[in-house]
Amino acid sequence: MLAQDRHEALYCPGGCGRRSCEDPKKPQRRGEQLKTFLSHNKEETIAFGELIGKAAPGGSVIAFRGDLGAGKTTLSKGIAQGLGIDEEVTSPTYTIVSEYRGRLALYHIDAYRLAGESDFAEIGGYDMLESAGSLCLIEWSERLPGIVNDSTAIIDIRVEHGDERRLSLSGAWLEALLP
Ligand code: ADP
Ligand code: MG
């Protein structure tokens with residue numbers, strides 16, 4: 001299966017996680033997102049990020065989806081605050097990975113300049129994903145469709161209008177943060 005095929009499979013309209021659904025009774029998890037959070041401004045996104053940072057279990061991975069300017073880095077700043085990280089979190093576009101120490105180790109990864117999963121493996125990405133006492137945030141995860149599995153949380157951020165952003169969440173511990 002080509003990486004691109006896997007990427008499309010995640011957007012199965014039935015939400016079953018596959019392009020051609022083999023088990024229609026399987027609970028819906030991907031595609032049609034179950035829970036959404038509407039943020040009206042940057043501050044609300046940061047505050048929601050703080051909640052995520054406080055709740056994240058060790059060993060969690062959050063794959064972000066969304067265009068440039070959607071708010072992935074802004075949300076990451078809030079998540080870092082929630083983990084008790086005082087250091088300023090900046091976009092890892094050029095460094096590819098930034099590491100911070102808080103309640104959990106935070107690996108903030110930007111896949112924009114990675115060609116794909118083999119580049120990710122070269123920078124030690126899989127070790128970060130598998131590290132038990134850490135939280136991995138991956139911006140531009142669309143570029144690494146092969147790293148997403150059933151335990152990966154996903155946050156898709158869409159610009160609505162003006163400063164409004166719709167955050168669609170997938171993953172049990174994340175969804176539990178919303179009513
Ligand atoms: P990305 O990492 O997705 O490219 P950034 O977080 O770097 O996006 O940038 C988002 C931009 O949008 C920032 O300039 C931020 O101030 C602005 N913004 C406006 N409204 C919001 C909002 N509701 N949530 C997050 N960012 C917002
Ligand atoms: Mg960013």
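Which residues coordinate the magnesium ion (ligand 2)? Keep that in mind as you set up the view. This is a predicted model, in which local features need pLDDT of at least 70 and side-chain atom pairs count only at pLDDT 80 or more, while totals for chains, interfaces and linings use all residues. Residues are numbered from 1 along each chain as its sequence is written, chains are lettered from A and ligands numbered from 1 in the order in which they are written, and side-chain values use heavy atoms, with hydrogens and water left out.

**Stop 1: the whole chain**

Start with a cartoon view. Trace the chain along its sequence and the pattern reads α-β-α-β-α-β-β-α-α-β-β-β-α. If you colour by accessibility, buried residues make up 48% of the 179 residues. Here buried means under 20% relative accessible area, exposed over 50%, and partly exposed in between (1.4 Å probe, protein chains only).

**Stop 2: the magnesium ion**

Now select ligand 2. The magnesium ion is coordinated by Thr 73 through OG1 and by Glu 139 through OE, at 2.2 Å. These two come from distant parts of the chain: Thr 73 sits in helix α3 (residues 72-82) and Glu 139 in strand β5 (residues 134-139), 66 residues apart. Donors are N, O and S atoms within 2.8 Å of the metal (3.2 Å for Na, K and Ca), and water is not among the atoms, so sites may look incomplete. Thr 73 counts as buried because its relative accessibility is 17%. Glu 139 is buried too, at 3%.

**Stop 3: ligand 1**

Next, select ligand 1 and show the residues around it. A residue is near a molecule if one of its heavy atoms lies within 4 Å of it, and 15 residues surround this ligand, the closest being Thr 45, Gly 69, Lys 72, Thr 74 and Asp 163. Helices α2 (42-55) and α3 each supply at least two residues of the shell, and α3 gives the most, with three.

What is the make-up of the shell by class? There are two nonpolar, seven polar and six charged residues. In this scheme, Ala, Val, Leu, Ile, Met, Phe, Trp, Tyr, Cys and Pro are nonpolar, Asp, Glu, Lys and Arg are charged, and the others, Gly among them, are polar.

- Lys 72: an N or O atom of its side chain is 2.7 Å from an oxygen atom of ligand 1.
- Gly 71: a backbone N or O atom lies 2.9 Å from an oxygen atom of ligand 1.
- Asn 41: a polar backbone atom is 3.1 Å from a nitrogen atom of ligand 1.

The protein covers 75% of the 570 Å² of accessible area that ligand 1 has on its own; such areas come from the Shrake-Rupley method with a 1.4 Å probe.

**Stop 4: salt bridges**

Finally, look for the four salt bridges in the structure, each a side-chain nitrogen of Lys or Arg within 4 Å of a carboxyl oxygen of Asp or Glu.

Select Glu 88 and Lys 77, whose side chains meet at 4.0 Å, N to O. Glu 88 lies in the loop between α3 and β3 (97-101) and Lys 77 in helix α3, 11 residues apart. Glu 88 is exposed at 61%, whereas Lys 77 is partly exposed at 25%.

Move on to Glu 99 and Arg 101, with their closest N and O atoms 2.5 Å apart. Glu 99 is partly exposed at 42%, and Arg 101 is exposed at 60%.

End at Arg 158 and Asp 156, paired at 2.9 Å, N to O. Arg 158 is partly exposed at 47%, while Asp 156 counts as buried at 6%.

Note on methods:
Helices (H or I, at least four residues) and strands (E, at least two) are DSSP runs, numbered from the N terminus. A polar contact is a pair of N or O atoms within 3.5 Å; within protein, one must be able to donate a hydrogen and the other to accept it, and residues adjacent in sequence count only if both atoms are side-chain atoms.
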